[in-house]
Amino acid sequence: MDFMDWIAKDLGVSRKIIDAKFDGIQSGQAMASKTCDIAAAAMTITPERAKALTFSDPYYAASQGLMVPSGSSIKTLADLKGKKLGAQTGTTGLKYANAHAKENGYTVVEYEKITDEEQGLAGNSVDAVIQDLPALTQYAKSNPDVASVVTSFDTGENYGFGVALGNTALSKVANYAIAKSKSDGTYDASYKKWIGDVPAS
């Protein structure tokens, strides 16, 4: 949202948040139907998504995390043999979960929203959930008696902002905001506030 504020300021407009299903965002439907103009949804840039969206430059190197109930003995995907792993529909986390399900012997349970995933874990409907690491870390920090993040998976992902396919004018504004924030220090300040220490470049 910090980036969206910077982009709105550059354009001289106000920011309005629309809560849309992630599947509709990553498929480009939300932008094509003009439900929203730009997606700031912790969305990984993938070749498949790039067929339906025009992406900004990458703004964050992401990884997946594994979150379990507090006190759980589960530490890895291998510990989930015979158990259930929650993942969000349309995400790279779901893709990763499905790719490693057979070798680790767990069942994947799909959830429409990340909040559904978190509630499923808190309600013991699943034994663990996989999701983008920053989102899980934030939830675990806010609910230490409920859940903890036990490991992460370096998947080589990069987040980008998505706009309607072909809307290069808006993607260029996003690229300008990304570049400007990295040059004037606001990127580092935002990163430290929301995620943690800024990795060395």
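**Exercise 1.** Locate S73 among the strands and decide whether S73 is buried or exposed.

*Solution.* Step 1: S73 sits in the loop that runs between β3 (60-69) and β4 (84-88). Strands are DSSP runs of E with at least two residues, numbered from the N terminus. Step 2: the model is predicted, local features need pLDDT of at least 70, side-chain atom pairs count only at pLDDT 80 or more, and totals for chains, interfaces and linings use all residues. Residues are numbered from 1 along each chain as its sequence is written, and side-chain values use heavy atoms, with hydrogens and water left out. Step 3: S73 counts as exposed because its relative accessibility is 66%. Exposed means over 50% relative accessible area, buried under 20%, and partly exposed in between (1.4 Å probe, protein chains only).

**Exercise 2.** Describe how β3 is covered and which strands pair with β3.

*Solution.* Step 1: 9 of the 10 residues of β3 are buried, so the strand is mostly covered. Step 2: β3 pairs antiparallel with β7 (residues 147-159) over 9 bridges, where V68 faces S148. Two strands pair if DSSP finds at least two bridges between them. Step 3: β3 also pairs antiparallel with β6 (residues 128-132), over 4 bridges; here Q64 has D132 as its bridge partner.

**Exercise 3.** Give the strand order of the open sheet of 3 strands and explain why β1 and β2 are edges.

*Solution.* Step 1: the order is β1-β8-β2, with antiparallel pairing. Step 2: β1 (38-39) and β2 (53-55) each have a single partner strand, so one side of each lacks a neighbour in the sheet. Step 3: β1 and β8 (residues 162-164) are joined over 2 bridges, and I38 stands opposite V163 in β8.
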